[in-house]
Amino acid sequence: MIKDYLELGQIVGTHGIKGEIRINPWCDSPDFAKKFKTVYYDPDGRNAVKVITARAHGNIILMKLEGIDSIDAAEVLRNKMLYIKRADAKLPKGTWFIEELIGCDVFDDGK
């Protein structure tokens with residue numbers, strides 16, 4: 001079953017004192033994750049938040065979210081998951097999220 005909201009990654013810490021968060025992305029690269037303008041705090045898409053900035057920093061994402069303006073506010077989010085709306089992800093034709101492939105039947109054409 002294709003889900004409407006997918007895990008983007010886990011918030012693993014803070015960065016600086018102005019509320020930036022560090023995200024361990026579940027996607028192929030941090031560059032994929034930084035193109036989203038809105039992320040969600042829940043897997044049902046009820047709790048949206050605007051992305052102010054996002055950038056790759058090694059293998060993690062540094063992200064600034066609307067309303068998170070201090071290290072204390074960012075620290076409360078530690079270990080929480082962020083989600084993306086599946087429809088917002090522009091994947092090339094023939095590409096799938098791993099989560100969508102789990103449980104699918106695999107066939108070998110014999111070649």
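How much accessible surface does the protein have, and what share of it belongs to carbon and sulfur atoms? The total comes to about 7400 Å², with 52% belonging to carbon and sulfur atoms; accessible areas here come from the Shrake-Rupley method with a 1.4 Å probe, and for residues only the protein chains shown count as cover.

Before you click around: this is a predicted model, where local features need pLDDT of at least 70 and side-chain atom pairs count only at pLDDT 80 or more, while totals for chains, interfaces and linings use all residues. Residues are numbered from 1 along each chain as its sequence is written, and side-chain values use heavy atoms, with hydrogens and water left out.

**Stop one: the whole thing.** (Helices are DSSP runs of H or I, at least four residues, and strands are runs of E, at least two, numbered from the N terminus.) The C-alpha atoms fill a box of roughly 55 × 30 × 20 Å along the principal axes. Of the 111 residues, 35% are buried, meaning under 20% relative accessible area (1.4 Å probe, protein chains only).

**Stop two: Glu 20.** Select Glu 20 in strand β2, residues 20-25. Is this residue buried or exposed? Glu 20 counts as buried because its relative accessible area is 12%. Now show the side chain of Arg 55: it makes a polar contact with the side chain of Glu 20 at 2.3 Å. (A polar contact is a pair of N or O atoms within 3.5 Å; within protein, one must be able to donate a hydrogen and the other to accept it, and residues adjacent in sequence count only if both atoms are side-chain atoms.) Leaving out residues up to four places away in sequence, Glu 20 also touches others, including His 15, Leu 62 and Ala 74; contact means heavy atoms within 4.5 Å.

**Stop three: the rings.** A search of the whole structure turns up two aromatic pairs. Rings of Phe, Tyr and Trp (its six-membered ring) pair if their centres lie within 6.5 Å; planes under 30 degrees apart are stacked, over 60 edge-to-face, and the rest tilted. Select Tyr 5 and Tyr 40: the centres are 5.0 Å apart and the planes at 70°, so the pair is edge-to-face. This pair links distant parts of the chain, with Tyr 5 in strand β1 and Tyr 40 in strand β3, 35 residues apart. Tyr 5 is buried at 16% relative accessible area, and Tyr 40 is buried at 9%.

Finish on Phe 32 and Phe 36, with centres 5.4 Å apart and planes at 75°, so this pair is edge-to-face. Both Phe residues are buried.

Key:
Buried < 20%, exposed > 50% of the residue type's maximum accessible area, 1.4 Å probe, protein only.
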